[in-house]
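Welcome, and thanks for taking a look at this protein with me. Let's walk through its overall build, its ligand surroundings and a few residues worth a visit.

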Amino acid sequence: MSGIYIHIPFCKQACHYCDFHFSTSLKKKDELVNALAKELVLRNDEFKNRIVETIYFGGGTPSLLSIDELRFLIDEVYKNYEVSESPEITIEANPDDLISDSIVLNPAEVRPLTIFHDYKTIGINRLSIGIQSFFEEDLKLMNRAHNSEEAKKCLEEATKHFDNISIDLIYGIPGMSNERWIQNIETVLAFNIPHISSYALTVEPKTALANFIKKGIIKNVDDDLAQEQFHIMIEKLRDAGFIHYELSNFGKPEYFSRNNSAYWQGKPYLGIGPSAHSFDGKHRSWNVRNNSKYINSLEKNILPIETETLSTTDKYNEYVMTGLRTIWGVSLEKVEQEFGEKYKTYLLEQSQKHIIEQLLYLDDGKLLVTKKGKFLSDGIASDLFMLN
Ligand SMILES: C[S@@+](CC[C@H](N)C(=O)[O-])C[C@H]1O[C@@H](n2cnc3c(N)ncnc32)[C@H](O)[C@@H]1O
Ligand code: SF4
């Protein structure tokens, strides 16, 4: 099981909270798409004996690419890699891109509302739609490019064509009451969406949001309220038949993200595009986080990549971190087999205090976070880390 992630580093406008890599200028879109294809060709050796089970267009905003550009990239994957018979192919899409009758990205490129049909014809079978909130106040505060009406219209249209849909929602937004949050969840449920990814609004340094909070223009996020909203979501989604399979991800059975599940289970993946990360089981690597440098390097057939070899301790720490975030937990047997007795003993010793505080529990040889520990799982994991 392995996957290919393709990063599309363009957005129509910058959301105030976001520090992912993207440019709001689309001038270099053509060159960048060619560079992505070149990287796919240059790196096919790395996946020689692997079958690609998932292809994931992430961003930035992949829905800013035309159907021809997406088809071209998918074709390049098929030409250069062995792809399974029924791969999961996901595109992250912004609501406004999906419903505009004709988006003019440049005068030659006008796109009618056949987009869902077009996505299907090129093999895309999963949509991940960045709704974030259905309320105008929240969308404005975050500087999203869509409005509340577009968010709903988009889901109305999308559900006519796709059943494998995931929605991104953000909670803990300054000024968002629990009532508003509950309405957001209920709106998603009313559309019968089978997968939800939901994150607490994080104030990343150097973003516009951080600046507005510093200046007192926007209230700071309230961690206690965010925690309440996280627990409200867990209960509401559980009652609606969702499985909370990863800290920020909820899916109906059969609708877990195959791409992300593989990533959380430590399977190899190839990250194509500026700022994309890759993992081959032993090394972690990351591409340059700059569109021009990325394009220039690939024009010279040079991969703009840095690589680090993971030590046993690095691998143990990563496994603990991701394992605790998922329903698969941290397997003591796996820790012993892959990292050694020393690591298992250390893990058990370090977990004691959290087990007593009922933040962690052991079940069938697996260490898992309790309901109380869920919001704190990253902090708990860092207590279980071994120092290099
Ligand atoms: C980076 S975006 C890419 C997909 C698409 N452009 C979108 O906005 O939905 C993926 C997800 O990360 C979330 N995200 C990015 N920065 C965040 C932050 N500081 N706090 C919470 N969620 C964040 C976005 O809202 C989005 O749901
Ligand atoms: S959240 Fe998505 S749309 Fe907004 S700036 Fe980040 S990548 Fe772009």
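## Overall build

In the chain, 70% of the contacts with a separation of 6 or more are between residues 24 or more positions apart; contact means heavy atoms within 4.5 Å. Please keep in mind that this is a predicted model, where local features need pLDDT of at least 70 and side-chain atom pairs count only at pLDDT 80 or more, while totals for chains, interfaces and linings use all residues. Residues are numbered from 1 along each chain as its sequence is written, chains are lettered from A and ligands numbered from 1 in the order in which they are written, and side-chain values use heavy atoms, with hydrogens and water left out.

You will find 15 helices and 17 strands in the chain; these are DSSP runs numbered from the N terminus, with helices being H or I of at least four residues and strands E of at least two. A compact globule of 388 residues would have a radius of gyration near 21 Å, and the 21 Å of the chain agrees with that. This radius is taken over C-alpha atoms, and the globule rule is 2.2 Å times the number of residues to the power 0.38. Along the principal axes, the C-alpha atoms fill a box of roughly 65 × 50 × 45 Å.

Of the 388 residues, 52% count as buried, meaning under 20% relative accessible area, whereas exposed means over 50% and partly exposed lies in between (1.4 Å probe, protein chains only). The chain exposes about 17800 Å², and carbon and sulfur atoms supply 49% of it. Accessible areas come from the Shrake-Rupley method with a 1.4 Å probe, and for residues only the protein chains shown count as cover.

## Around ligand 2

Which residues surround ligand 2? They are Cys-11, Cys-15, Tyr-17, Cys-18, Phe-22, Gly-60, Thr-61, Asn-94 and Arg-144, where near means that a heavy atom of the residue lies within 4 Å. This shell has five nonpolar, three polar and one charged residues. In this scheme Ala, Val, Leu, Ile, Met, Phe, Trp, Tyr, Cys and Pro count as nonpolar, Asp, Glu, Lys and Arg as charged, and the others, Gly among them, as polar.

Gly-60 also has a backbone feature to check: a cis peptide bond joins Gly-59 and Gly-60, with omega about 20 degrees. Gly-60 lies in the loop between strand 2 (51–59) and helix 2 (67–80).

Helix 15 (residues 377–384) has Ser-377, Ile-380, Ala-381 and Leu-384 as its buried residues. They sit on the same side of helix 15 because they cover an arc of only 100 degrees around the axis, judged by the directions from the helix axis to the C-beta atoms. Their cover includes helix 12 (312–325), helix 14 (341–356), strand 16 (360–363) and strand 17 (366–369).

Thr-313 is part of helix 12 and is buried at 9% relative accessibility. Leaving aside neighbours within four places in sequence, Thr-313 contacts Tyr-343, Met-386, Leu-387 and Asn-388.

## Two loop residues

Lys-206, in the loop between strand 8 (195–200) and helix 8 (208–214), has a positive phi near 70 degrees although it is not a glycine. Lys-206 is exposed, with a relative accessible area of 86%.

Gln-358, in the loop between helix 14 and strand 16, has a positive phi near 60 degrees. Its relative accessibility of 53% makes Gln-358 exposed.
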